[in-house]
Amino acid sequence: MPSKSALELVGLTKRYGPTLAVDSVNQKIPSGTYTCLLGPSGCGKSTTLRMIAGHEDVTEGDIILNDQNVTDLPPAKRGTAMMFQSYALFPHLSVADNVAFSLKMKGVEKGARLAKAVELLELVDMASFKDRLPAQLSGGQQQRVALARALISEPSILLLDEPLSALDPFLRIRMRTELKRLQRELGISFMHVTHSQDEALALADHIIVMNGGIIEQSGPPLEVFDAPRTEFVARFIGGHNVVASGSDKLAVRADRITLSKDTGDAAAPATVTAIEYLGSSYSIAVESAELGELSVSINDSEFLTNPVELGQSVFLTWKPEDAHTLAA
């Protein structure tokens, strides 16, 4: 992975009157990576993206892109491009003219800009629709056009604000694959805001988990999922239980907990309160007087070989190395 930092945020802060939306964020994003800003609504992720794009003023701090301080530059001078959640296509312009619009504003000759637009439409498999109007396209097709329009300016970094949220689940998964393919082929940095843990884990080389205007944790997806540092990350990223052990709080993955019908050394007794079939696995909710409410994930073949029932008494264990101590 490239070591050069394509983007660096230095003490980036945004206030709206007395409200602190982004609180002194420091982060380096390597070049040529797919980064996801992940967090719940109101955590500051979209505000951070808009400050990088130049659509929000920075209260304090700096934005460094390719070794240039772009904090006070207008959006068109930054080397960034932004793809909005609403796509924001011009309804009266053809697909090709929508994609070519920014080149028209720069005074590029019509033949040259339309040729470039078709080149980008081919990249997103939409060249055959170049003469249609946006209203004649499906949601997924409109998204591809919006993506081509954002890429035509050849940005150093493409900023995507929840670009998949308006799509149906099947198309969302298909477009995840397309976005990752494009990022690899183009070799530029993508920064993608999402509240979907699955989306971030599937797409990202680098995940930044935000909460309350700060970064709770950042790193490769496997590291963030397998070793969450805080209780918030463990709960938000999903697939973990947070349990108290003495004076410590621990995160234990749901698929690393062993559920048995027989007691054993250091096993915690519990009662099965819910069973949810998820296709390739079962999610078993249990209540333990010692540990509280927990979730246990069991693959389908294991469950069918040794099923449990609602109200059944069971015992819980896990390996010490599968419990990660969380920061206070």
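This is a predicted model: local features need pLDDT of at least 70, side-chain atom pairs count only at pLDDT 80 or more; totals for chains, interfaces and linings use all residues.
Colleague: Understood. Leaving aside its neighbours within four places in sequence, which residues is T35 in contact with?

Modeller: With those neighbours set aside, T35 touches I29, F190, M191, H192, H206 and I208.

Colleague: And where is T35 found?

Modeller: T35 belongs to strand β3, which covers residues 34-38.

Colleague: Is T35 buried or exposed?

Modeller: T35 has a relative accessible area of 0%. Buried means under 20%, so T35 counts as buried.

Colleague: What order do the strands take in the open sheet?

Modeller: The sheet has 6 strands, in the order β6-β7-β8-β3-β9-β10, and its pairing is mixed. Its edge strands are β6 (80-83) and β10 (214-219), each of which pairs on one side only. On average, neighbouring strands of this sheet are turned by 20 degrees against each other, direction ignored.

Colleague: How many bridges join β6 to β7?

Modeller: There are 4 bridges between β6 and β7 (residues 157-161), and the two strands run parallel. Within this pair, T80 stands opposite I157 in β7.

Colleague: Which helix lies across β6 and β7?

Modeller: That is helix α4, residues 139-151, which runs at about 170 degrees to β6. Helix α5 (residues 169-186) lies across β3, β7 and β8 (189-194), at about 155 degrees to β8.

Colleague: Let us change topic to α3. Which of its residues are buried?

Modeller: They are R113, A117, L120 and L121. These residues cover an arc of only 100 degrees around the axis, so they are on the same side of α3. They pack against α2 and α4.

Colleague: What should the 14 residues of α3 span?

Modeller: At 1.5 Å a residue they should span 20 Å, and the end C-alpha atoms of α3 are 20 Å apart, which agrees.

Colleague: And which residues are buried in α2?

Modeller: In α2 (residues 95-105), V95, A96, N98, V99, A100 and L103 are buried. The buried residues of α2 pack against α3 (110-123) and α4. Just after α2, G107 has a positive phi of about 85 degrees.

Colleague: Finally, what pLDDT does the chain average?

Modeller: The chain averages 91, and 98% of the residues score at least 70. Among the elements of the chain, β3 has the highest mean pLDDT (97) and α5 the lowest (88).

Terms used: Residues are numbered from 1 along each chain as its sequence is written. Side-chain values use heavy atoms; hydrogens and water are left out. Buried means under 20% relative accessible area, exposed over 50%, partly exposed in between (1.4 Å probe, protein chains only). Contact means heavy atoms within 4.5 Å. Two strands pair if DSSP finds at least two bridges between them. Axes are lines fitted to C-alpha atoms, for helices over the stretch in contact, and angles run from 0 to 180 degrees between N-to-C directions. pLDDT is the predictor's confidence in each residue, from 0 to 100. The expected span of a helix is 1.5 Å times one less than its number of residues. The arc is that of the directions from the helix axis to the C-beta atoms.
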